[in-house]
Amino acid sequence: MNEIILTENETLRLQALHQYNILDTIYEAAFDDLTRLAAQICGTPIALISLVDESRQWFKSKVGLDSESSSRDLAFCAHAILQPHETLIISDTLLDPRFATNPLVTSDPCIRFYAGAPLITPEGYALGTLCVIDHVPRQMNSEQLEALQALSRQVMAQMELKRNIYNLERITNNKHKQIEYLISALSHDLRTPLLGTRGTLYAMLGGAFGSVSDTWRDVLEDCRQANEDLLKFVEALLNVSRYKIEVSKTFKCEIINWKTIFVETILRSNCTCKQKSAIRYKIASSLPIVYGNALEIQRVIQIILDNAVKVNNPDQEITLEVALFGVEKVKISVRSNAWEIAPLDNESLFGTFIQGRGRNNIDKLGLYLCFQIVEAHKGTINIESTVEDTTFWFTLPVTY
């Protein structure tokens, strides 16, 4: 067995690694997509997301390799994390005295080429690498190197997202100071690398690193869209966190103008949603006055409508409606010809935001924010679903 080479800050590095609670977890599509993309861009049969702990390198995601892990004393990635701000490239392992006699070179998987971009935490600790491997010697061009480094940042952004969601779950129940810290952490640790990745991907698509074939353009566009979706998810997390802090403050209330809210909501939905649906609205006559924060009420309707558009049958209509509900409330509803939601799903839709997107692409994080806003207005929110249609609705108290 070879001697394990430790990093200068090994104890702190291992503490950081274990804080992510990622070792020995199941495979996840968000990570597997990045690994496949790295293999495709670099043209290698093997790509790995490798995390290096005390005695091994464990693979969170893998393409072209059956092993779940390998001993740290043999791991190429254990060398890559020694220089966290450099990508380790071994063009021909047989010409490198560090690896020429390594069993991973002389026997299966017969590594002859290796390139590993370290996964760096915001604090500067290298937890492992996103690496690509081939069975023959080769060189990487500058475009492939830039792409591998950009994808490694995206891997780290995914890990940061999972860690912060886990932390957010632990510090609910109005722990304002901790939430404020999390907001700061999310802003710095998530948005910054995601915005950096966005810039790199736009540059690659624009030909800044050389011409892009149609095949790679499609692949890079998929990655760019995934990055944009993650940015939107982070922004939604920030909105939820900010709202938990500000919910105790006094609302700036005004008389709700339902026509203005419905018209603006429909216009925004038509501009932003890829799938288009015919949307109409109905406002009951002689409605009583409702006071509330118009921007927040519009946000609730917008989130619900955007979810309805995404799952609605394109040839079916979506209806926004406000009507009297009993004698002390109005009921605002969004009815679409969509899926039938099982009772168990119905009960869990508004209860937590940790689960992210549920089945049928429901934005559960957005719905949790809706729940917070409606609850702060002393209303209720719910859903009714049949085989024919699905209606999201919420109530608000009236003022006489």
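Mentor: Helices (H or I, at least four residues) and strands (E, at least two) are DSSP runs, numbered from the N terminus. The model is predicted, so local features need pLDDT of at least 70 and side-chain atom pairs count only at pLDDT 80 or more, while totals for chains, interfaces and linings use all residues. Residues are numbered from 1 along each chain as its sequence is written, and side-chain values use heavy atoms, with hydrogens and water left out.

Trainee: In which helix do Glu10 and Arg13 both lie?
Mentor: Glu10 forms a salt bridge with Arg13 (a side-chain nitrogen of Lys or Arg within 4 Å of a carboxyl oxygen of Asp or Glu). Both residues are buried, that is, under 20% relative accessible area, where exposed means over 50% and partly exposed in between (1.4 Å probe, protein chains only). They are three residues apart, about one turn of the helix, and that helix is H1 (residues 10-19).

Trainee: Is Glu296 buried or exposed?
Mentor: Arg299 forms a salt bridge with Glu296, the closest N and O atoms being 3.2 Å apart. The two are about one helical turn from each other because they stand three residues apart in helix H9. Arg299 is partly exposed, at a relative accessible area of 30%. At 14% relative accessibility, Glu296 counts as buried.

Trainee: Which residue in E13 is the bridge partner of Val334?
Mentor: Strand E11 (residues 329-336) and strand E13 (residues 390-397) pair in the antiparallel sense over eight bridges. In E13, the partner of Val334 is Phe392.

Trainee: How many salt bridges does a search of the whole structure find?
Mentor: One of them joins Lys62 to Glu68, with the closest N and O atoms 3.2 Å apart. Glu68 counts as partly exposed because its relative accessibility is 42%. Over the whole structure, the number of salt bridges found is 18.

Terms used:
Pairing = 2+ DSSP bridges.
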